[in-house]
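Please examine the structure shown below together with its sequence. The report that follows treats selected features of the model in turn.

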Amino acid sequence: MRLQRGSQQRWLRTLGGLAVVGAVLLSGCANLPDSSAPQALGTIDREPTSTTLPQPIQGREPDLLLRDFLQATADPTNRHQAARQYLSPTAAVTWDDSASTTIVESPDTLRESRAGDTATYKIRANKVGELEADGSYRAGPAASSFEIRVEMVRVGGEWRIADPPPGVIVVNTAFEKTYRRYLLYFPNAAGTTMVPDLRWISERKDQLTQRLLSMLSEGPQPALVPAVHNMLSGPVTLRGGITKVNGDTGGIGVGVGGVQIDFAGASTLDQHGKELLAAQVVLTLAGADVLGPYMLLADGKPLDERFTSTGWSSADVNALSPTANAHNRIGLHAVRDGGLVKVDTTKNDIEPTPGYFGSAHNLQWVALSQDGQLVAAVADNGQQGGDPSKTLVIGSYDGSNVFSVAQGNTFTRPSWTADGSAAWTVVDGNRVIRAGHDRNTGNVSVQDVDTSALFAPPADPNDATPRLPITDLRIDRTGARAAFIAGGKIYAAVVVPQPDGKYALASPLPVVVTLSTAAVSLDWYGADRIIFAREGNVDPVQTVSIDGSHVDLMTSQNLTAPVRIVSASPDTLFVADARAVMQLQSAEPNNERIWREVYGLGANAVPVLPG
């Protein structure tokens, strides 16, 4: 793949004439529900970590000082120097703040004993999640409680904590004010697109560029390692310091001025390798609001001669962005009365597709490749008496070259990879298969996907293990992750290529842990979010980030429970509820976003988007 140069005006050409440029950066806000159950973390406006440490309040009672400590732990600067002020002199030196970071909600500080200059308190809270040392987030188990005892002493007339437990305990509201979620990017195994790796860090703006590049150098979180590459590793390293384009070393990443980065060893990369390196760096920095242009050097010379004078921009690497080909370019289709139809929502026009799939009357599920050229469908074959009643068929959109490739009593809705090379589905709730399609020959071959790692006992006994059956499975557009529903719960797993050409699913991560009803359908809604439908009539459609840190409730106006299916593209969401297929436009203002009926499909239709 060769990248096309962006056409936007480069700031480098006008740096000499710039006086002052104001930029207002807005980040999305999420209000957490007032509830005693653990809630997901949102993303809100955050101020840079303060350089002035607030002092403990004099004369503070021990229970209130303990609550202040749980707020102060949100600032990780200088090994939690702010929080160490609340400890006794000995504990301030010996406290191990690197053991873990536990995020809690609504902590209680309960006195167990108090006599003279000593006291014992119990901290009781709901555990929301954990933050790993590399900044990756893990949602806590549903209804997970957290409880520890803390000894306190009076030092110089002021109460201090004498024996803080190893690791950091932080209240979720304080965590949200201090930390922000960032996306690191790594090339997928095929080198065709970038895979987002979600991290939460607290860093001053002028230190953020260095921090993000250091994290890229350290590589992806362990679960993603088998599914991605890292161009900023091995022989390629950071060379010298990071500066603005004009060589200034101060205020890097703050305001205009761009960024200049030199990579030792990058001159040995081939052209595609250089483009992958540039995409990693530019997409990561641009997504963190570190403004370009990005002047990338290889051993002191331009990484790519095309960008010698202008530097790189996000437009120059957009072809490798995971959202580059996410938009629906083939329109809405649906399964209606057992056949595949094409729907023109602007004209309220519905027409059967040509050939087999449009003339059939026994289709249950249909999936279309991103380019609309290939179809994977589940057909009811009418078998009874113990024989498999469903057949997976794959063929061209016009209905020619249709193959029956697998049989079973149940199939999940098929899911195509972004390049149309394979369709994934789950047979009988427990057997994941990958039906590979060779575009050159038209041949289809079926492989079993190794799922043993999904159901192996977890290293942490508190972690939830998926339970059969698997009732929905969707491959993301990077090919590196799969989202699935097992036992009514939602998980994200990593797609691991095997040396023999087969695949495995590994490292299942619980994504939504607080659902009170079972999830019934899901789809990818962007590179790092999932949309899902659940049973019941209270907030039946929601979205969640793939690390489980942030859940959003979608409007339910005009929906009629139960919602059976969700299907998503960046532009439009579709669901099938009890009475119709409904659509929601992503671009509409929030106060105008309501579900509207897709005319003429009826109550039993299933919306079909590419993927």
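The sections below describe a helix and its surroundings, a set of salt bridges, and a sheet with its covering helix in this predicted model.

Helix α2 spans residues 77–84, and its buried residues are His80, Ala82, Ala83 and Arg84. The elements that cover these buried residues include α1 (62–72), α3 (89–94) and β6 (168–171).

One of these buried residues, Arg84, also takes part in a network of salt bridges, in which it is linked with Arg79 and Asp97.

## Salt bridges

Across the whole structure, a search finds 23 salt bridges. Among them is the pair formed by the side chains of Arg60 and Asp68, with an N to O distance of 2.8 Å. Arg60 has a relative accessibility of 23% and counts as partly exposed, whereas Asp68, with a relative accessible area of 18%, is buried. The cut-off that separates these two classes is 20% relative accessible area.

Another salt bridge joins Lys127 to Glu130, with the closest N and O atoms 2.5 Å apart.

## A salt bridge between a loop and a strand

The side chains of Arg579 and Glu597 form a salt bridge with an N to O distance of 3.0 Å. Arg579 belongs to the loop between β33 (572–576) and β34 (581–585), while Glu597 is in strand β35 (residues 596–597), so the pair ties together parts that lie 18 residues apart in sequence.

Both partners fall in the partly exposed class: Arg579 has a relative accessible area of 40%, and Glu597 has one of 39%.

## A four-stranded open sheet

Four strands make up an open sheet in the order β9-β10-β11-β12, and their pairing is mixed. The edge strands, each of which pairs on one side only, are β9 (237–238) and β12 (301–302).

Strand β11 comprises residues 294–298 and pairs with β12 in the antiparallel sense over two bridges. Ala298 is placed opposite Lys301 of β12. Helix α6, formed by residues 271–287, lies across β10 (259–264) and β11, and runs at about 150° to β11.

Methods
Residues are numbered from 1 along each chain as its sequence is written. This is a predicted model: local features need pLDDT of at least 70, side-chain atom pairs count only at pLDDT 80 or more; totals for chains, interfaces and linings use all residues. Side-chain values use heavy atoms; hydrogens and water are left out. Buried means under 20% relative accessible area, exposed over 50%, partly exposed in between (1.4 Å probe, protein chains only). Contact means heavy atoms within 4.5 Å. A salt bridge is a side-chain nitrogen of Lys or Arg within 4 Å of a carboxyl oxygen of Asp or Glu. Two strands pair if DSSP finds at least two bridges between them. Axes are lines fitted to C-alpha atoms, for helices over the stretch in contact, and angles run from 0 to 180 degrees between N-to-C directions.
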